[in-house]
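Hi,

Here's the structure I promised to pass on.

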Amino acid sequence: MKHDVLVVEDETDIRMIIAGILEDEGYSVKQASTSEEAIDAIRGRRPGLIILDVWLEGSSMDGIELLDWVKKDNPDLPVIVISGHGTVETAVAAIRKGAFDYIVKPFKAEKLLVTVTRALENARLRRENKELKGKSTADLELIGGSSLINQIRAKISRIAPTNSRVLITGPSGTGKELIARQIHAQSSRSDGPFIAVNAASMVPQRVEEELFGVVAEDGASIKSGLLEQAHNGTLYIDEVADMPMETQGKLLRLLVDQRFQRIGSSESVQVDIRLITSTSRDLERETTMGRFREDLYHRLNVMPLETPALSNRREDIPDLVEYFIDRLSASTGLPPRKIGEDAMAALQAHDWPGNVRQLRNNVERLLILATGDPGKPITLDTLPPEVSVVKTASDNGKDRIISMPLRDARESFERDYLQAQIQRFGGNISKTAEFVGMERSALHRKLKSLGVSGTKRGDEVES
């Protein structure tokens, strides 16, 4: 992997030597002679590593101040401090502020390369550790302030301290694994492992091997299954409805006595796990159709929790968009962008059949394809066509509009526009009236005159 390194050094000769050493080893190097140039470089694309001189003559910030600035928003970004003989104490102080290591000038190329390798390896291990444990606080965050998402938060806080099994239902892309991780993080098992598996992604012939583990024929080797890996923690099984019937029976026995047998062994293994499952299907219907065991369904469904579709909490879309921009910008190095009011209105009005996952993918696409001044907002005309065009029930194309008298065409536009705004604000007439610039009572009269009497949610407009 080709790593990006930013070298911040006010002495041109030293900066060029460091850059040359690193480029000879295959690193991609950017150079900065001042704190201002360094900040511009970091904002343009986040590097994988910074080599930072303590003294930056002619800069608004010295190296220690720049280190504070970097660590404030990028605590996991490794920084190596370089210093002269007389500034070792300052360099040690930098370590306390979050620098990975320091090198005293003059130094040998081997010393520099070894320290760079260690810093990058340490950053990788820290990142993987967070991903494996599922304890990255940013990735555990539920975004939004809608009543529906607040209800989810309240349910999680009540469910998490118990050891009850939880069945999370809802459409694909609504964040079911995120909720499972929230439950784990707020439970007494938070120090234990969180093991996640998607039943639909496992080869049917290997589901039991993955879950229960395998003992070699000679008994000399044992491959631990997910159940053992989740001991004293939480096992999360996504799309549990895709689990084979025979495996369902073995999982049921596990839930009854917390014991199971590895494949190829007659010995029982006892585990202490909390089981959280999720599905985008109707499990009651699956049991009626004979595709899922009814007794297992009742065992799993101790604490049901339903995740709402994004179209039912449109007021959370601005918060979600801002969150995704921040996260994607930090992970990809792309400059963050603002979303204009017209573009945000279109994003809120869109139905999002793929839910939060689809919204996140569209935000990433916007950041990649965005052109022009990063300081200017993204406008409606830069959105993908499937998002920027607000479809309405009465939208039959230009031929219908062009055949109308002006008055009828104006009424058709007003009807479609107000329906889209009501949909955008989740049926909230007060918020719709405030946005379109009308009194609430006047908006009610206008809706009545246009024959607008309902929204998608419950087919009733708030009165």
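Let's start with helix H20, whose buried residues pack against helix H18 (406-424) and helix H19 (429-436). Before I go on: this is a predicted model, where local features need pLDDT of at least 70 and side-chain atom pairs count only at pLDDT 80 or more, while totals for chains, interfaces and linings use all residues. Residues are numbered from 1 along each chain as its sequence is written, and side-chain values use heavy atoms, with hydrogens and water left out. Helices here are DSSP runs (H or I, at least four residues), numbered from the N terminus.

H20 covers residues 440-450, and Leu443, Leu447 and Leu450 are its buried ones (buried is under 20% relative accessible area, exposed over 50%, with a 1.4 Å probe and protein chains only). Seen down the H20 axis, the buried residues fall within an arc of 70 degrees, so they line one face of the helix (the arc is taken from the directions from the helix axis to the C-beta atoms). Arg445, Lys448 and Ser449 are exposed on the other side. Just after H20, glycine 451 has a positive phi of about 80 degrees.

How do H18 and H20 pack? Their angle is about 125 degrees and their axes are 10 Å apart (axes are lines fitted to C-alpha atoms over the stretch in contact, and angles run from 0 to 180 degrees between N-to-C directions). That makes H18 oblique to H20 (under 35 degrees is roughly parallel, over 145 roughly antiparallel, 65 to 115 roughly perpendicular, and the rest oblique). Glu411, Glu414, Arg415, Leu418 and Ile422 of H18 meet Leu443, Lys446, Leu447 and Leu450 of H20 (contact means heavy atoms within 4.5 Å).

Another pair to look at is H13 (residues 317-332) and H15 (residues 355-369), whose axes come within 9 Å and cross at roughly 55 degrees. These two are therefore oblique to each other as well. On the H13 side, the residues that meet H15 include Leu320, Phe324 and Leu328, and their partners in H15 include Leu359, Val363 and Leu367.

Last one: is serine 35 buried or exposed? At 0% relative accessibility, serine 35 counts as buried. Serine 35 sits in helix H2 (residues 35-44). Leaving aside neighbours within four places in sequence, serine 35 is in contact with Leu56, Ser59, Ser60, Met61 and Leu66. A polar atom of the serine 35 side chain lies 3.3 Å from the backbone nitrogen of methionine 61.

Cheers

Technical notes: Polar contact = N/O pair within 3.5 Å; in protein donor to acceptor, adjacent residues only side chain to side chain.
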